[in-house]
Amino acid sequence: MTPEEFPLLADVFPALTANILRLLDPDDTVLIDQVPALRYHGVCTCTPTCQNLLTSPQGSGTPYLRELEENDEPMIWLSLDPTATVIVDIEVLDGRVL
């Protein structure tokens, strides 16, 4: 499949997409601008218990992480590419954001 053939994350998980946009720092325009165009590549299959939502091909993740919090409670982790500017997968820590 080409990247354009994957559905938009916003179409598959509209509430999650809205929450990511709400929780990102308003000054983080690099990440904010890309959220509406993120493609959903499915659930990560690296281990049987991994539930990360892939926004790029499997294996694109790196150790760069952006934690999104609400009231000092971690809600979502965004894994970023090596430049720390592209979201490659999303881990939802609190199922209420879905």
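In what order do the five strands of the open sheet stand? Select the strands, and you can follow them in the order β1-β2-β5-β4-β3, with antiparallel pairing; strands here are DSSP runs (E, at least two residues) and helices are likewise DSSP runs (H or I, at least four residues), numbered from the N terminus, and two strands pair if DSSP finds at least two bridges between them. Because β1 and β3 stand at the edges with a single partner strand each, one side of each is left without a neighbour in the sheet.

Before going on, keep in mind that this is a predicted model, in which local features need pLDDT of at least 70 and side-chain atom pairs count only at pLDDT 80 or more, while totals for chains, interfaces and linings use all residues. Residues are numbered from 1 along each chain as its sequence is written, and side-chain values use heavy atoms, with hydrogens and water left out.

**The hairpin of β3 and β4**

Select residues 65-70 and 73-80 next, which are the antiparallel strands β3 and β4, joined by six bridges. Within this pairing, R66 stands opposite L78 in β4. Two residues lie between the strands of the hairpin, where N71 takes a positive phi near 55°. On moving to β5 (87-92), you will find that five bridges join β4 to β5 in an antiparallel arrangement, and that L80 stands opposite I87 in β5.

**Helix α2**

Now select L16, T17, N19, I20 and L23, the buried residues of α2, where buried means under 20% relative accessible area, exposed means over 50%, and partly exposed lies in between (1.4 Å probe, protein chains only). These residues are on the same side of α2, because they cover an arc of only 165° around the axis, taken from the directions from the helix axis to the C-beta atoms. They pack against α1, β2, β3, β4 and β5.

**Q34 in helix α3**

Go on to Q34, which is found in helix α3 and counts as buried at 16% relative accessibility. Leaving out residues up to four places away in sequence, Q34 touches T85, V86 and I87, contact being heavy atoms within 4.5 Å.

**The aromatic pair**

Finally, select F13 and Y40, which form an edge-to-face aromatic pair at 5.4 Å centre to centre, with 80° between the planes; rings of Phe, Tyr and Trp (its six-membered ring) pair if their centres lie within 6.5 Å, and planes under 30 degrees apart count as stacked, over 60 as edge-to-face and the rest as tilted. F13 is in the loop between α1 and α2 and Y40 in the loop between α3 and β1, 27 residues apart. F13 counts as partly exposed at 22% relative accessibility, whereas Y40 is buried at 14%.
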